[in-house]
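Please look through the sequence and the model shown below before reading on. The report then takes up strands, helices and charged pairs in turn.

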Amino acid sequence: MSSTIDVATLADLLRRAAKAEILPRFRRLRSDDVRAKSEATDLVTEADIQAERMIKAEAETLWPDAVFIGEESVAADPVLLAKLEGADLAIVVDPVDGTFNFASGIPAFGVMASVVSKGETVAGIIYDPMGDDWVVAEKGSGAWLRRPDGEAERLYVAAPVALEEMVGMASTGFLPKPQRREILANLAKVRFLANYRCAAHEYRAFACGHVHYLMYNKLMPWDHLAGTLLSIEAGAHAARFDGSSYLPHHTTGGLLIAPDKESWDILRREVFTI
């Protein structure tokens, strides 16, 4: 389903970039290796820049017909993002997801990539440099945890539970303030709320069956394409707040993911009343 892009080769490229450019800098960043972008908590480091540079160079050699959409490439040239919707084939990359954690010395960050073919996400990869493994999905082939030794484990989302027993993740920081107050109050209805400040690990936790919901309001493709496909392939129901499918070119409309449609409906009605 991933067209001309070999997903195992792309996954290995993410791993090599992490070992070459990310892990050697973890807890070794100098002050001038970290810069703020849109706000004080929106950071970019030399690890982000150099890892994306390596992934981009090799990806363009291996798959010259694919449009490369990287978070840092778009930060440098915002017009690039518009090419995703019309691309026959694209590779979307987040070189360090969870940069705030990475820059803070917190070992919760990941490297993510997705393959988009004619407006549809057909493959997703989330690599954990600290655990040295991937969660991987190709459309129609399920979600898998894969390790460098070849070991693989099929992934499934958690079984549905009652609202008051649900444990999950919600990124409320990008909601308008009045809605944020309402949603935070509504979250008293669930059992537990967390936020790792790292979509890579939040999606991994969900696809591995450890939590019951994910909610995001700000949708950038490098943050959510891979994880949404992984969630769906693990059995989840995923949709924007209006119930429509989340597509690669969407950057607004919110995203809610749950183990099944009934759980999604309950969460949308009782908690995420946006």
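What follows is a description of a predicted model, arranged by sheet, helix pair and salt bridge.

## The seven-stranded sheet

Seven strands make up an open sheet with mixed pairing, and their order is β3-β4-β5-β6-β7-β8-β9. The edges are formed by β3 (67-70) and β9 (152-155), each of which pairs on one side only, and from one strand to the next the twist averages 20 degrees.

Helix α1 lies across β4, β5, β6 and β7 (133-138) and runs at about 35 degrees to β6, while helix α2 lies across β3, β4 and β5 and runs at about 155 degrees to β4.

Strand β5 (residues 110-117) is mostly covered, with eight of its eight residues buried. Its side chains can be sorted by direction: G110, M112, S114 and V116 point one way, V111, A113, V115 and S117 point the other way, and all of them are buried.

On one hand, β5 pairs with strand β4 (residues 89-97) in the antiparallel sense over seven bridges; within this pairing, A90 has V116 of β5 as its bridge partner, and D97 has G110 of β5. On the other hand, β5 pairs with strand β6 (residues 120-128), again antiparallel and over seven bridges, and here V116 has T121 of β6 as its bridge partner. Strands β5 and β6 form a hairpin with two residues between them, and K118 in the turn has a positive phi of about 50 degrees.

## The five-stranded sheet

A further open sheet has five strands in the order β11-β10-β12-β14-β13, also with mixed pairing. Its edge strands are β11 and β13 (237-239), each pairing on one side only, and the twist from one strand to the next averages 15 degrees.

Within this sheet, strand β12 (residues 213-216) and strand β14 (residues 255-258) pair in the antiparallel sense over three bridges, and Y216 stands opposite L255 in β14. Helix α9 packs on the sheet, where it touches β12, β13 and β14, and the direction of α9 makes about 135 degrees with that of β14.

## The α7 and α8 pair

How are helix α7 and helix α8 oriented to each other? The axes of α7 (residues 199-207) and α8 (residues 221-233) come within 9 Å and cross at roughly 5 degrees; angles under 35 degrees count as roughly parallel, and α7 and α8 are therefore roughly parallel to each other.

The contact is made by A199, Y203, F206 and A207 of α7, together with D223, H224, G227, T228, L230 and S231 of α8. Sorted by class, this contact of α7 with α8 has five nonpolar, four polar and one charged residues.

## Salt bridges

Side chains of opposite charge can pair when their charged atoms come close. The count in this model comes to 17 salt bridges, and three of them are taken up here, starting with the one between E58 and R16, whose closest N and O atoms are 2.7 Å apart. Because E58 lies in helix α2 (residues 46-62) and R16 in helix α1 (residues 7-22), this pair ties together parts that are 42 residues apart in sequence. E58 counts as partly exposed at 25% relative accessibility, and R16 likewise counts as partly exposed, at 31%.

R25 forms a salt bridge with E21, with the closest N and O atoms 2.8 Å apart. R25 counts as partly exposed at 23% relative accessibility, whereas E21, at 18%, counts as buried.

The side chains of K189 and E270 also meet in a salt bridge, at 3.2 Å from N to O. This pair links distant parts of the chain, with K189 in the loop between α6 (177-186) and β11 (192-194) and E270 in helix α9 (residues 261-270), 81 residues apart. K189 is partly exposed, with a relative accessible area of 35%, and E270 counts as partly exposed at 26% relative accessibility. Finally, salt bridges that share partners join D12, R16 and E58 into one network.

Key: Residues are numbered from 1 along each chain as its sequence is written. This is a predicted model: local features need pLDDT of at least 70, side-chain atom pairs count only at pLDDT 80 or more; totals for chains, interfaces and linings use all residues. Side-chain values use heavy atoms; hydrogens and water are left out. A salt bridge is a side-chain nitrogen of Lys or Arg within 4 Å of a carboxyl oxygen of Asp or Glu. Helices (H or I, at least four residues) and strands (E, at least two) are DSSP runs, numbered from the N terminus. Buried means under 20% relative accessible area, exposed over 50%, partly exposed in between (1.4 Å probe, protein chains only). Two strands pair if DSSP finds at least two bridges between them. Axes are lines fitted to C-alpha atoms, for helices over the stretch in contact, and angles run from 0 to 180 degrees between N-to-C directions. Contact means heavy atoms within 4.5 Å. Angles under 35 degrees count as roughly parallel, over 145 as roughly antiparallel, 65 to 115 as roughly perpendicular and the rest as oblique. Ala, Val, Leu, Ile, Met, Phe, Trp, Tyr, Cys and Pro count as nonpolar, Asp, Glu, Lys and Arg as charged, and the others, Gly among them, as polar.
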